[in-house]
Amino acid sequence: MSGQGHLVAIALGLPVVTAIGILLAARKPNLREAVTLTGSILLSVTVILMINRYFDGVRFEFIALELMPGVLIKFSIEPLGLIFAFIASLLWPLSSIYSVGYMRGNKEKNQTRFYFFFAISIFCAICIAFAGNLITLFLFYEGLSLATYPLVTHSGSEDAKQGGR
(Lines give C-alpha, C1' and ligand atoms only; values in the text may rest on other atoms or scores of the structure.)
Protein backbone atom coordinates (compact mmCIF):
# COMPACT_ATOMS: atom_id res chain seq x y z
CA MET A 1 0.00 0.00 0.00
CA SER A 2 1.35 3.39 -0.88
CA GLY A 3 0.12 6.91 -0.29
CA GLN A 4 -3.42 6.69 0.97
CA GLY A 5 -3.99 3.09 -0.12
CA HIS A 6 -5.94 2.34 3.04
CA LEU A 7 -8.75 4.62 1.83
CA VAL A 8 -8.90 2.69 -1.44
CA ALA A 9 -9.12 -0.56 0.54
CA ILE A 10 -11.92 0.91 2.68
CA ALA A 11 -13.84 2.07 -0.41
CA LEU A 12 -13.49 -1.40 -1.94
CA GLY A 13 -14.30 -3.18 1.30
CA LEU A 14 -17.44 -1.28 2.28
CA PRO A 15 -19.72 -2.83 -0.38
CA VAL A 16 -18.38 -6.31 0.45
CA VAL A 17 -18.95 -5.83 4.19
CA THR A 18 -22.40 -4.44 3.37
CA ALA A 19 -23.20 -7.49 1.22
CA ILE A 20 -22.20 -9.82 4.08
CA GLY A 21 -24.29 -7.76 6.52
CA ILE A 22 -27.26 -8.04 4.16
CA LEU A 23 -26.97 -11.82 4.20
CA LEU A 24 -26.65 -11.91 7.98
CA ALA A 25 -29.78 -9.74 8.36
CA ALA A 26 -31.79 -11.72 5.82
CA ARG A 27 -34.64 -12.56 8.22
CA LYS A 28 -34.96 -9.00 9.53
CA PRO A 29 -36.02 -6.73 6.64
CA ASN A 30 -35.66 -3.47 8.60
CA LEU A 31 -32.13 -4.37 9.69
CA ARG A 32 -31.21 -5.62 6.20
CA GLU A 33 -32.29 -2.33 4.66
CA ALA A 34 -30.58 -0.32 7.41
CA VAL A 35 -27.36 -2.19 6.63
CA THR A 36 -27.81 -1.40 2.94
CA LEU A 37 -28.39 2.31 3.56
CA THR A 38 -25.58 2.58 6.11
CA GLY A 39 -23.07 0.90 3.82
CA SER A 40 -24.09 3.03 0.87
CA ILE A 41 -23.82 6.28 2.84
CA LEU A 42 -20.43 5.28 4.27
CA LEU A 43 -19.17 4.57 0.75
CA SER A 44 -20.36 8.01 -0.42
CA VAL A 45 -18.59 9.69 2.48
CA THR A 46 -15.40 7.72 1.80
CA VAL A 47 -15.35 8.66 -1.89
CA ILE A 48 -16.00 12.33 -1.06
CA LEU A 49 -13.10 12.20 1.42
CA MET A 50 -10.92 10.70 -1.31
CA ILE A 51 -11.90 13.48 -3.71
CA ASN A 52 -10.93 16.13 -1.16
CA ARG A 53 -7.58 14.48 -0.52
CA TYR A 54 -6.92 13.93 -4.22
CA PHE A 55 -7.34 17.63 -4.93
CA ASP A 56 -5.01 18.36 -2.01
CA GLY A 57 -2.34 16.46 -3.94
CA VAL A 58 -2.58 13.05 -2.27
CA ARG A 59 -2.12 10.09 -4.61
CA PHE A 60 -3.80 6.75 -3.99
CA GLU A 61 -2.55 3.29 -4.90
CA PHE A 62 -3.39 -0.14 -3.55
CA ILE A 63 -2.03 -3.47 -4.74
CA ALA A 64 -4.51 -6.12 -3.63
CA LEU A 65 -2.87 -9.23 -5.05
CA GLU A 66 -0.03 -10.42 -7.23
CA LEU A 67 -1.48 -13.20 -9.40
CA MET A 68 1.96 -14.06 -10.76
CA PRO A 69 5.17 -12.08 -11.16
CA GLY A 70 4.28 -8.79 -12.83
CA VAL A 71 0.52 -9.49 -12.97
CA LEU A 72 -1.15 -7.42 -10.28
CA ILE A 73 -4.67 -6.71 -9.10
CA LYS A 74 -3.93 -3.03 -8.66
CA PHE A 75 -6.04 0.00 -7.87
CA SER A 76 -5.01 3.61 -8.37
CA ILE A 77 -7.04 6.78 -8.44
CA GLU A 78 -7.27 9.03 -11.47
CA PRO A 79 -9.69 11.93 -12.01
CA LEU A 80 -12.06 10.14 -14.42
CA GLY A 81 -12.26 7.05 -12.20
CA LEU A 82 -12.88 9.25 -9.19
CA ILE A 83 -15.79 10.92 -10.98
CA PHE A 84 -17.23 7.52 -11.88
CA ALA A 85 -16.86 6.29 -8.29
CA PHE A 86 -18.43 9.51 -7.01
CA ILE A 87 -21.49 9.08 -9.23
CA ALA A 88 -21.87 5.38 -8.35
CA SER A 89 -21.45 6.04 -4.63
CA LEU A 90 -24.07 8.81 -4.67
CA LEU A 91 -26.54 6.77 -6.66
CA TRP A 92 -26.31 3.74 -4.38
CA PRO A 93 -28.11 5.31 -1.37
CA LEU A 94 -30.66 7.01 -3.62
CA SER A 95 -31.47 3.83 -5.53
CA SER A 96 -31.55 1.87 -2.27
CA ILE A 97 -34.18 4.20 -0.84
CA TYR A 98 -36.23 3.79 -4.02
CA SER A 99 -35.80 0.01 -4.10
CA VAL A 100 -36.91 -0.38 -0.47
CA GLY A 101 -40.23 1.25 -1.33
CA TYR A 102 -40.54 -0.60 -4.60
CA MET A 103 -39.66 -4.04 -3.23
CA ARG A 104 -41.89 -3.72 -0.17
CA GLY A 105 -44.72 -2.08 -2.06
CA ASN A 106 -44.80 -4.88 -4.63
CA LYS A 107 -44.13 -7.58 -2.04
CA GLU A 108 -41.23 -8.84 -4.15
CA LYS A 109 -39.73 -12.21 -3.31
CA ASN A 110 -35.99 -12.74 -2.73
CA GLN A 111 -35.35 -9.20 -1.54
CA THR A 112 -32.21 -10.25 0.33
CA ARG A 113 -30.76 -11.72 -2.86
CA PHE A 114 -31.55 -8.46 -4.69
CA TYR A 115 -29.83 -6.24 -2.10
CA PHE A 116 -26.87 -8.63 -1.86
CA PHE A 117 -26.21 -8.61 -5.60
CA PHE A 118 -26.76 -4.86 -5.75
CA ALA A 119 -23.98 -4.40 -3.18
CA ILE A 120 -21.71 -6.78 -5.10
CA SER A 121 -22.46 -4.81 -8.29
CA ILE A 122 -21.44 -1.60 -6.55
CA PHE A 123 -18.24 -3.32 -5.38
CA CYS A 124 -17.44 -4.26 -8.98
CA ALA A 125 -18.27 -0.75 -10.22
CA ILE A 126 -15.92 0.83 -7.66
CA CYS A 127 -13.21 -1.69 -8.59
CA ILE A 128 -13.65 -0.73 -12.24
CA ALA A 129 -13.48 2.97 -11.39
CA PHE A 130 -10.25 2.50 -9.44
CA ALA A 131 -8.66 -0.16 -11.71
CA GLY A 132 -4.94 0.50 -11.97
CA ASN A 133 -4.30 -1.77 -14.95
CA LEU A 134 -6.07 -3.62 -17.73
CA ILE A 135 -6.23 -7.01 -16.00
CA THR A 136 -7.97 -5.47 -12.98
CA LEU A 137 -10.40 -3.64 -15.23
CA PHE A 138 -11.15 -6.83 -17.19
CA LEU A 139 -11.68 -9.04 -14.13
CA PHE A 140 -14.08 -6.66 -12.42
CA TYR A 141 -15.91 -5.78 -15.62
CA GLU A 142 -16.63 -9.48 -16.05
CA GLY A 143 -17.55 -9.66 -12.35
CA LEU A 144 -20.03 -6.84 -12.88
CA SER A 145 -21.64 -8.76 -15.74
CA LEU A 146 -22.09 -11.79 -13.47
CA ALA A 147 -23.29 -9.76 -10.47
CA THR A 148 -25.96 -7.88 -12.42
CA TYR A 149 -27.50 -11.02 -13.96
CA PRO A 150 -29.56 -11.80 -10.80
CA LEU A 151 -30.72 -8.17 -10.75
CA VAL A 152 -31.95 -8.33 -14.35
CA THR A 153 -33.69 -11.68 -13.83
CA HIS A 154 -34.97 -10.90 -10.33
CA SER A 155 -38.68 -11.16 -11.08
CA GLY A 156 -38.26 -14.64 -12.56
CA SER A 157 -40.59 -13.90 -15.47
CA GLU A 158 -39.81 -15.19 -18.93
CA ASP A 159 -39.17 -11.62 -20.11
CA ALA A 160 -36.68 -11.11 -17.29
CA LYS A 161 -34.93 -14.40 -18.04
CA GLN A 162 -34.73 -13.53 -21.73
CA GLY A 163 -33.38 -10.09 -20.84
CA GLY A 164 -30.76 -11.72 -18.67
CA ARG A 165 -29.63 -13.96 -21.49
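Mentor: Let's begin with burial: a residue is buried under 20% relative accessible area, exposed over 50%, and partly exposed in between, using a 1.4 Å probe and protein chains only. By that reading, 41% of the 165 residues of this protein count as buried. Please keep in mind that this is a predicted model, where local features need pLDDT of at least 70, side-chain atom pairs count only at pLDDT 80 or more, and totals for chains, interfaces and linings use all residues. Residues are numbered from 1 along each chain as its sequence is written, and side-chain values use heavy atoms, with hydrogens and water left out.

Trainee: Thanks! How many helices and strands does the protein have?

Mentor: Helices (H or I, at least four residues) and strands (E, at least two) are DSSP runs, numbered from the N terminus. Here there are six helices and three strands, and along the sequence they come in the order β-α-α-β-β-α-α-α-α. The radius of gyration is 17 Å, close to the 15 Å that the globule rule gives for 165 residues, so the protein is as compact as a globular protein of that length. That radius is taken over C-alpha atoms, and the rule is 2.2 Å times the number of residues to the power 0.38. Along the principal axes, the C-alpha atoms fill a box of roughly 50 × 30 × 25 Å.

Trainee: What share of contacts joins residues at least 24 apart?

Mentor: A contact means heavy atoms within 4.5 Å. Among contacts between residues at least 6 apart in sequence, 70% join residues at least 24 apart. Phenylalanine 116, in helix α4, gives you a case to look at. Setting aside neighbours within four places in sequence, phenylalanine 116 is in contact with Ala19, Ile22 and Leu23.

Trainee: Let me turn to α2. What length does that helix reach?

Mentor: The expected span of a helix is 1.5 Å times one less than its number of residues. With 27 residues, α2 reaches 39 Å from its first C-alpha to its last, close to the 39 Å expected. After α2 comes glycine 57, with a positive phi near 100 degrees.

Trainee: Which elements do the buried residues of α2 pack against?

Mentor: They pack against α1 (5–24), β2 (60–68), α3 (79–105) and α4 (111–129). The buried set in α2 includes Gly39, Ser40, Leu43, Val47 and Tyr54.

Trainee: Is serine 40 buried or exposed?

Mentor: Serine 40, which lies in α2 (residues 29–55), counts as buried because its relative accessibility is 0%. Not counting residues up to four places away in sequence, serine 40 touches Ser89, Trp92 and Pro93.

Trainee: Now for charges. How many salt bridges does a search of the whole structure find?

Mentor: A salt bridge is a side-chain nitrogen of Lys or Arg within 4 Å of a carboxyl oxygen of Asp or Glu. The search finds three. Another joins the side chains of glutamate 33 and arginine 104 at 2.6 Å, N to O. Glutamate 33 lies in helix α2 and arginine 104 in helix α3, so this pair ties together parts that are 71 residues apart in sequence. Glutamate 33 counts as buried because its relative accessibility is 5%, whereas arginine 104, at 36%, counts as partly exposed.

Trainee: And which residue forms a salt bridge with glutamate 61?

Mentor: Lysine 74 does, with the closest N and O atoms 3.5 Å apart. That pair links distant parts of the chain, 13 residues apart: glutamate 61 in strand β2 and lysine 74 in strand β3 (residues 71–76). Glutamate 61 counts as partly exposed because its relative accessibility is 27%. As for shared partners, salt bridges join Arg32, Glu33 and Arg104 into one network.

Trainee: Finally, the surface. Which residues make the nonpolar patch?

Mentor: Patches are made of residues with over 30% relative accessible area and no salt bridge; like charges are joined within 9 Å, and nonpolar side chains (Val, Leu, Ile, Met, Phe, Trp, Tyr) within 5 Å. Areas come from the Shrake-Rupley method with a 1.4 Å probe; for residues, only the protein chains shown count as cover. Leu65, Leu67, Met68, Ile135, Phe138 and Leu139 make a nonpolar patch of about 550 Å². At least two of its residues come from each of β2 and α5 (134–152). Methionine 68, in strand β2, counts as exposed because its relative accessibility is 51%. The accessible surface of the protein comes to about 9,200 Å², with 67% belonging to carbon and sulfur atoms.
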